[in-house]
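Here is a short report for a first visit to this protein. Take a look at the sequence and the model, then read on.

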Amino acid sequence: YEIYQCDWSSDVCSSDLAAVQAYIDGFTPSITPHPDASLLTRQELWKHHLDEYYRWQFDHELPRGLSRKDRQAADSALYTKHRAAVYAAYGWEDHQ
């Protein structure tokens, strides 16, 4: 068996961190602008594109045993990628 380098203070092994990075890297949002984008508000367009983000999260799991902080960081990274893709698809300026 293999011994992984671990950060015992947070009880997260490097193998878990690699799995988290693979989870984040695996999400590649492909945003196609809505055909009626000119008739919809930015909020309506944003809601329209959230489906892909949530569906991907339901279909892919983070490693078990991660701290709440590490899970939130992974989810935040995923959200940031999705947000950037939506903003790029519509040419919106991102002030975040």
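Predicted model: local features only at pLDDT ≥ 70, side-chain atom pairs only at ≥ 80, totals over all residues.

## The nonpolar core

The largest nonpolar core has 18 residues, and the members that touch the most others are Val20, Tyr23, Leu62, Ala74, Leu78, Val86 and Trp92. In soluble globular proteins, nonpolar side chains tend to be buried together.

Residues up to four places away in sequence aside, Ala74 touches Val20, Tyr23, Ile24 and Leu62.

## The overall plan

The protein has 3 helices and 2 strands. Along the sequence they come in the order β-β-α-α-α. There are 96 residues, and 30% of them are buried. The accessible surface is about 6900 Å², and carbon and sulfur atoms account for 51% of that surface.

## Helix α3

Helix α3 covers residues 68–90, which is 23 residues. From first C-alpha to last, helix α3 reaches 33 Å, close to the 33 Å expected at 1.5 Å a residue. The buried residues of α3 are Ala74, Leu78, His82, Arg83, Val86, Tyr87 and Tyr90. An α-helix has 3.6 residues a turn, so residues three or four places apart point the same way.

What follows α3? Gly91 does, with a positive phi near 70 degrees.

Tyr90 belongs to helix α3. Tyr90 counts as buried because its relative accessibility is 17%, under the 20% cut-off. Beyond its neighbours within four places in sequence, Tyr90 is in contact with Thr32, Pro33, His34, Ala37, Leu45 and His49. One of these partners, Ala37, is 53 residues from Tyr90 along the chain, yet their C-alpha atoms are separated by 8.6 Å.

His82 is another residue of α3. Its relative accessible area is 0%, so His82 is buried. With neighbours within four places in sequence set aside, His82 is in contact with Phe27, Pro29, Ile31, Trp46, His49, Leu50, Glu52 and Tyr53.

## Ile31, in a loop

Ile31 sits in the loop between α1 and α2. Its relative accessibility is 15%, so Ile31 counts as buried. Leaving out neighbours within four places in sequence, Ile31 is in contact with His49, Glu52, His82, Ala85, Val86 and Ala89. Ile31 and Tyr87 are 56 residues apart in sequence, but 9.3 Å apart in space, C-alpha to C-alpha.

## Glu52, a buried charge

Glu52 is placed in helix α2 (residues 42–59). Glu52 is buried, yet has no salt bridge. Which side chain of opposite charge is nearest to Glu52, and how far away is that side chain? Arg55 is the nearest, at 6.4 Å.

Which residues does Glu52 contact, leaving aside its neighbours within four places in sequence? They are Phe27, Thr28, Pro29, Ser30, Ile31 and His82. Ile31 also counts Glu52 and His82 among its contacts.

## The salt bridges

How many salt bridges are found in the whole structure? The search finds 2.

| Salt bridge | Distance |
|---|---|
| Arg55 – Asp51 | 2.5 Å |
| Glu61 – Arg64 | 3.8 Å |

Arg55 and Asp51 are 4 residues apart in helix α2, so about one helical turn separates them. Arg55 is partly exposed, with a relative accessible area of 44%. Asp51 is partly exposed too, also at 44%.

The other pair is exposed. Glu61 has a relative accessible area of 61% and is exposed. Arg64 is exposed as well, at 69%.

Definitions and conventions: Residues numbered from 1 in each chain as written. Heavy atoms only, no water. Buried < 20%, exposed > 50% of the residue type's maximum accessible area, 1.4 Å probe, protein only. Lys, Arg positive; Asp, Glu negative; His and termini not counted. Salt bridge = Lys/Arg side-chain N within 4 Å of Asp/Glu carboxyl O. Contact = heavy atoms within 4.5 Å. Expected span 1.5 Å × (residues − 1). Core = buried A, V, L, I, M, F, W, Y, C linked by side-chain atoms within 4.5 Å. Areas by Shrake-Rupley, 256 points an atom, 1.4 Å probe, with all protein chains shown as cover.
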